Structures are given as structure tokens and as C-alpha cells.
Amino acid sequence: MEPIAHIHTDMPQKFGIPRNSLVAPHLHGRIVFEPEFSSNLAVTGLDGFSHIWLLWQFENRVPGGTAGDIAADAAAASVPDAAADSNAAADADAAAALDAAAASSAAVDAGAPNSATAPGAHRHPAADTWSPTVRPPRLGGSKRMGVFATRSPFRPNPIGLSCVKLDRVELTDAGPIIHVFGADLRDGTPIYDIKPYIPFADCHPDAAAGFVDEVPWHELSVDFPDDLAKQITPGKLDGLVEVLRQDPRRAGSKHEPKRVYRLAYAGQDIGFTVDGDTLHVVEIREGRNW
């Protein structure tokens, strides 16, 4: 399968992305189609729906995403030698891949099965590294559940499914742009399909939610000083507060009230601490191209 589009959001790193769609209803996203799928006719009638389903791909192997990664990226950007080391490492990885390809080719020449035609040849790399159990954040990251009983991104096939609110469909000479709210996707995520949400088929008010129902929904209180709130890009404050309420930290994080975490959001770098059930925003910096 090939992506039909990519979504652009205010979340350039994995760190802080809501764990479910619509828990941060003011997070805005723009879905821009690939040239071969950018037909305005393809979205005829879509604007009559209030919500849509997005089928997309988790990018678990994309670098970055945690507070530590952000700090490391910033350090590497300011130290030329670090960037050189990174490039050297990338070159080494590429060389290793070429060696592996050469070895595979030699094995085929010697009569070994061709990996391109062998069973499972078209599997995603994640299929070789997946774990049958994962630790859901909802359970504090301490209890394991079967991967197929969770929405963990670490799956045999890294497929994501999100229901988002449709804001509007913009028709342009270059093709349609779909504006949505409540997207739990990283900026640049590839979209493989879009389908309308149909209430009579998709809504099940009496559905059971398994272990999720056993754990109360918990959000943090956000202490956001007025002088810092005024520095946030206009129109982006509500979405940011919603993200912070979900507690961007890893499930089961230690109680470190003096530790400053950093969140990349809408072109800005948000510094915050967490003490008990309260998140304190302590600093706003202008970001960079993450």
C-alpha cells in the first residue's frame, strides 16, 4: 500500500501526542493528498459528515519523540562534531545494509530461497520484533496485556486507526485539503485511507471497554501563568492545555517535581514540571524546525 496523503499537526515529536483521538479536541490537523490522489472529486459528499476515520501508519522507528530525544537533538544541532558523529553512524548503518543485501544476493546465487518470493517476504519489519504483550499506559505501565487487547503502537503491523472531527473540506487548484480536530497523530504521519464515520454502524453505546473500564480516567490540573500563556501562538492555547492535561510523561514516571520536561508544540518549546496531580508550565521558548 502507498500513502494517499499526509497529515500536518502541531505535534512534531512523539512526546506529548495524545494516546487517543479526541481527548484533545482542539488539536488541529490538515490532511494534504499526494499528487496522484489529489482530486477534488474524490471528496465529493465528505463535507456532509461530522467525523471521519483515518487509517494510518505508526512511525516507531522515526528518531526523536521523548524529552531526552529533544534535548539530544538540540545538543547535536549546536555541536558540529555531534552532527558529524551522527552522519558517520548513518553511513555505517547504510554500509551494513548494503553488506546484508550483498550477502542475501550471494545466498540466492548459491541456491538459497529468494527472500523476495519466500513466505512473509512482504511483511513489515515490525512483524519480526513485536511482543505478544505490552504495558498499557492506562494501567500505569506496570501490568501487561495482550497486544491485540490494546492500542499500543508496537504491533506486528504498525497500523493506526483514529476517529477525528471533520472541520471543513477545502478545495484548491492543487487538490483538497481536509481540516480536522482531535487528531492524535504526529506531524507528517502517512495516511492510507479515509472513511466517513457513520453513527448507526460505528456507535455502540452499550459496548464494554474491558480493563479500560476498570481504571478511572485521570487528568492533571494545569497551572499556566498568564504571562506565559500570552506567549503561545494565537489559537493554539486550548489544544496545548488539553495535551498537558493528559500527562505527556511516560506511564509510571517517577515523582520528580523539580525535573523540567520539554514539549515541542506548534513551533514552540514548552517547559513544564509535574508535582503530584498538578502540571506547572515554567518556560516557553521559540522552537525550531524539529
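**Close-ups of a barrel, a sheet and a surface patch**

Ala5 has Ile191 as its bridge partner in strand 8. That's one spot in a predicted model, where local features need pLDDT of at least 70, side-chain atom pairs count only at pLDDT 80 or more, and totals for chains, interfaces and linings use all residues. Residues are numbered from 1 along each chain as its sequence is written, and side-chain values use heavy atoms, with hydrogens and water left out.

**View 1. The whole chain, before zooming in.** The protein chain has five helices and 12 strands; these are DSSP runs numbered from the N terminus, helices being H or I with at least four residues and strands E with at least two. Of its 290 residues, 33% are buried (under 20% relative accessible area, with exposed over 50% and partly exposed in between; 1.4 Å probe, protein chains only). Take the contacts between residues at least 6 apart in sequence: 69% of them join residues at least 24 apart (a contact being heavy atoms within 4.5 Å).

View 2. Six strands close up in the order 1-2-7-6-3-8, with antiparallel pairing (two strands pair if DSSP finds at least two bridges between them). From one strand to the next, the twist averages 45° (axes are lines fitted to C-alpha atoms, for helices over the stretch in contact, and angles run from 0 to 180 degrees between N-to-C directions). Strand 1 (residues 5–9) meets strand 8 (residues 189–196) over three antiparallel bridges, and the Ala5–Ile191 pair belongs here.

**View 3. Strand 6 and its two neighbours.** On one side, strand 6 (residues 159–172) pairs with strand 3 in the antiparallel sense over seven bridges; look for Gln57 with its partner Ile159. Seven bridges also tie strand 6 to strand 7 (residues 175–181), again antiparallel, and here Glu170 partners Ile177. Strands 6 and 7 make a hairpin, with two residues between them.

View 4. Four strands line up as 9-12-11-10, with mixed pairing. Strand 9 and strand 10 are the edges, each pairing on one side only. The twist here averages 35° from one strand to the next. Strands 11 and 12 share eight antiparallel bridges, and Gly271 stands opposite Glu283 of strand 12. Helix 5 packs on this sheet, touching strands 9, 10, 11 and 12, and its direction makes about 140° with that of strand 10.

**View 5. Helix 5 and what covers it.** Within helix 5 (residues 237–245), Gly239, Leu240, Val241, Glu242, Val243 and Leu244 are buried. Their cover includes strand 9 (221–223), strand 10 (261–265), strand 11 (268–275) and strand 12 (278–286). After the helix comes Asp247, with a positive phi near 65°.

**View 6. A nonpolar patch on the surface.** Phe49, Ile198 and Phe200 form it, with about 320 Å² of accessible area together. Patch residues have over 30% relative accessible area and no salt bridge; like charges are joined within 9 Å, and nonpolar side chains (Val, Leu, Ile, Met, Phe, Trp, Tyr) within 5 Å. A salt bridge is a side-chain nitrogen of Lys or Arg within 4 Å of a carboxyl oxygen of Asp or Glu. Phe49 sits in the loop between strand 2 (28–33) and strand 3 (51–57), and Phe49 counts as partly exposed because its relative accessibility is 32%.

How values were computed. Accessible areas come from the Shrake-Rupley method with a 1.4 Å probe; for residues, only the protein chains shown count as cover.
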